[in-house]
Amino acid sequence: MIEARHLRVLRAVAATGSFSAAARELGCTQPAVSQQMKALESSAGTTLLIRTGREMRLTQAGEALVRHASGILAGLTAAEEEVAAIAGLRAGRVRLVSFPSGSSTLVPGALAALRAEHPGTRVSLVEAEPPRSVDLLREGDCDIALAFRYGATGGEWDDLVVRPLLTDRLIGLVPAGHRLTDAPEVSVGELADESWIAGCPRCRRQLVEVCEESGFTPRIDFATDDYPAVMGLVGAGLGVAVLPELAVESVRPKGVRTLAVEPAIEREIVALTLPDLARVPAVAATLDQLSRTAAR
């Protein structure tokens with residue numbers, strides 16, 4: 001019989017490449033990891049790992065087991081949480097992953113409301129941009145991922161429960177005193193000759209696509225995932241940018257003017273979870289609070 005604790009160890013070895021690194025990650029000893037891997041291979045009836053130099057390599061059987069491990073472990077976590085909540089043993093825990101502008105705008109209000117309504121629920125938060133945040137969800141390392149996308153991508157999230165939250169429009173940023181400062185709106189083409197400051201990789205790709213649709217390739221002189229840094233660079237007169245409205249709301253820009261961009265460029269903000277996890281009371285309550293906060 002394959003045990004969940006053995007699957008967790010196998011996944012750690014696969015991720016780190018060695019027994020010793022997996023032991024550090026799991027907070028146990030290297031011999032304990034080795035012993036559990038021997039037990040797992042005995043249960044599986046085949047070799048799962050091969051040592052190559054200083055690293056461990058998965059066999060074909062090992063790769064198959066790791067591929068299934070995330071779903072199995074996520075299902076077990078969901079079952080444990082749901083049973084515990086029903087039995088009244090504890091209110092539950094939720095591991096939330098969010099992109100930075102979501103962390104500073106949507107998440108605080110939602111978690112404050114959740115704590116007031118369900119004081120026993122424990123929520124942890126780490127930050128990651130999609131697609132990494134979505135990978136963490138599928139790997140069983142979080143329960144809810146706050147994510148975004150520009151335009152629907154067929155099949156991208158078909159295996160997940162998708163809770164739409166809001167549509168976030170991108171707005172233009174120019175330095176104070178810029179020739180377009182007093183314009184009520186601006187087309188992307190009017191900024192073709194400007195120096196550009198780009199944001200996160202996914203936003204950067206979207207910027208290039210939008211500019212190319214307007215007939216030019218943006219000259220990106222600066223790129224940073226830090227939204228306050230983007231606004232600081234714009235405020236210093238070093239270029240122009242387009243950022244999601246949520247990002248601008250989370251920072252008080254100095255020396256920056258905001259402009260509506262036409263045609264509208266929008267991204268969809270969603271909360272994602274796995275089907276099994278959606279039935280866990282604490283996860284469902286967190287999703288509901290995120291929806292209510294986004295609707296305000």
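Is phenylalanine 148 buried or exposed, and what is its relative accessible area? Phenylalanine 148 is buried, at a relative accessible area of 0%. Buried here means under 20% relative accessible area, exposed means over 50%, and partly exposed lies in between, with a 1.4 Å probe and protein chains only.

Before going on, how to read the model. It is predicted, so local features need pLDDT of at least 70 and side-chain atom pairs count only at pLDDT 80 or more, while totals for chains, interfaces and linings use all residues. Residues are numbered from 1 along each chain as its sequence is written, and side-chain values use heavy atoms, with hydrogens and water left out.

Let's stay with the rings. Rings of Phe, Tyr and Trp (its six-membered ring) pair if their centres lie within 6.5 Å; planes under 30 degrees apart are stacked, over 60 edge-to-face, the rest tilted. That rule gives 2 aromatic pairs. Phenylalanine 99 and phenylalanine 148 make an edge-to-face pair, 5.1 Å centre to centre with 85° between the planes. Phenylalanine 99 sits in the loop between strand E3 (93–98) and helix H5 (100–117), and phenylalanine 148 sits in strand E5 (residues 144–149), so this pair ties together parts 49 residues apart in sequence. Helices (H or I, at least four residues) and strands (E, at least two) are DSSP runs, numbered from the N terminus.

Phenylalanine 148 also pairs edge-to-face with tyrosine 150, at 6.0 Å centre to centre and 80° between the planes. Phenylalanine 99 is buried at 1%. Tyrosine 150 is buried at 15%.

The charged end of arginine 267 sits over the ring of phenylalanine 148, 4.4 Å from its centre. The rule: NZ of Lys or CZ of Arg within 6 Å of the ring centre and within 35 degrees of the ring normal. Arginine 51 has its charged end over the ring of phenylalanine 19, 6.0 Å from the centre.

Next, the core. A nonpolar core is a set of buried Ala, Val, Leu, Ile, Met, Phe, Trp, Tyr and Cys residues joined through side-chain atoms within 4.5 Å. The largest has 69 residues, and Leu146 and Trp196 are among those touching the most other members. A second, separate core has 19 residues, including Phe19 and Leu73.

Phe19 takes us to helix H2. In H2 (residues 19–26), the buried residues are Phe19, Ala21, Ala22 and Ala23. Their cover includes helix H1 (4–16), helix H3 (30–44), strand E1 (49–52) and strand E2 (55–58). Just after H2, glycine 27 has a positive phi of about 75°.

Last, two threonines. Threonine 273 is in strand E12 (residues 266–273). Threonine 273 is buried, at 0% relative accessibility. Its side chain reaches the backbone oxygen of aspartate 143 at 2.6 Å. That is a polar contact: a pair of N or O atoms within 3.5 Å, where within protein one must be able to donate a hydrogen and the other to accept it, and residues adjacent in sequence count only if both atoms are side-chain atoms.

Threonine 181 is in the loop between strand E6 (161–175) and strand E7 (185–187). Threonine 181 is buried too, at 17%. A polar atom of its side chain lies 3.3 Å from the backbone nitrogen of glycine 177.

Conventions: Contact = heavy atoms within 4.5 Å.
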